[in-house]
Amino acid sequence: MTPKEEAEAVMNAGIPFAQKMLIDHAEFYPFGFAMTAKNKVVAVAPAAPTEHPASAQLIDDLTAAFRAGASSSEYKATAVFLDVRVQPPGKTEKTDAVQVGLEHASGYCVDVFFPYSRDASGKVTFGDVFASKRAGVVFGTCK
């Protein structure tokens with residue numbers, strides 16, 4: 001697989017969990033997945049300091065866990081999943097979206113956004129996916 005395909009495999013592993021959390025709870029805490037050097041996709045979940053941790057703290061803890069795995073060559077691709085508000089290209093209004101921050105040891109880095117809406121029954125519908133460049137925070141380099 002190419003670095004992009006490996007990163008997308010990590011993303012595709014986490015999207016169903018994000019969707020389930022949105023259906024069940026209308027939101028989710030930041031969470032992460034990674035691909036190991038042996039091509040296994042795993043959930044990455046640092047211990048939460050409290051029952052309701054701040055999202056920024058979770059992102060910092062995930063980044064630290066990803067960096068540790070990257071520096072020991074345990075991880076070659078990572079994905080952090082965030083529930084955000086974003087303005088899609090060509091739109092004037094912000095919308096809810098799942099943001100997936102993908103990074104690969106090769107230097108492939110991208111933020112992929114899955115805009116979504118949630119109806120009164122809790123059904124989640126994803127809109128048109130879009131992506132933008134991402135600054136590397138795990139492996140240190142982005143192309």
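Is Phe114 buried or exposed, and what is its relative accessible area? In this predicted model, Phe114 has a relative accessible area of 11% and is therefore buried, since buried means under 20%.

**Overall fold**

The protein chain contains two helices and seven strands, which follow one another along the sequence in the pattern α-β-β-α-β-β-β-β-β. Its radius of gyration is 15 Å, close to the 15 Å that the globule rule gives for 143 residues, so the chain is as compact as a globular protein of that length. Along the principal axes, the C-alpha trace spans about 45 × 35 × 25 Å. Of the 143 residues, 41% count as buried, and residues 24 or more positions apart account for 52% of the contacts with a separation of 6 or more. The protein chain exposes about 7,800 Å², of which carbon and sulfur atoms supply 54%. As for charge, the mean positions of the 14 positive and 16 negative charges are 5 Å apart.

**Aromatic pairs**

The count of aromatic pairs in the protein chain comes to nine. One of them joins Phe17 and Phe31 in an edge-to-face arrangement, and this pair links distant parts of the chain, with Phe17 in helix H1 (residues 3–25) and Phe31 in strand E1, 14 residues apart. Phe17, at 37% relative accessibility, counts as partly exposed, whereas Phe31 is buried with a relative accessible area of 10%. Phe126 is partly exposed, with a relative accessible area of 26%.

| Aromatic pair | Centre to centre | Angle between the planes |
|---|---|---|
| Phe17 and Phe31 | 4.8 Å | 85 degrees |

**Surroundings of Met35**

Met35 has its place in strand E1 (residues 31–36) and, at 1% relative accessibility, counts as buried because the value is under 20%. When residues up to four places away in sequence are not counted, Met35 touches Met1, Glu6, Ala9, Val10, Lys40, Val41, Glu74, Tyr75, Lys76 and Ala77. For one of these, Val10, the C-alpha atom is separated from that of Met35 by 6.3 Å, although the two residues are 25 residues apart along the chain.

Terms used
Residues numbered from 1 in each chain as written. Predicted model: local features only at pLDDT ≥ 70, side-chain atom pairs only at ≥ 80, totals over all residues. Heavy atoms only, no water. Helix = DSSP H or I, 4+ residues; strand = E, 2+ residues; numbered from the N terminus. Rg over C-alpha atoms; globule rule 2.2 N^0.38 Å. Buried < 20%, exposed > 50% of the residue type's maximum accessible area, 1.4 Å probe, protein only. Contact = heavy atoms within 4.5 Å. Areas by Shrake-Rupley, 256 points an atom, 1.4 Å probe, with all protein chains shown as cover. Lys, Arg positive; Asp, Glu negative; His and termini not counted. Charge placed at Lys NZ, Arg CZ, Asp CG, Glu CD. Phe/Tyr/Trp six-rings, centres within 6.5 Å; stacked < 30°, edge-to-face > 60°.
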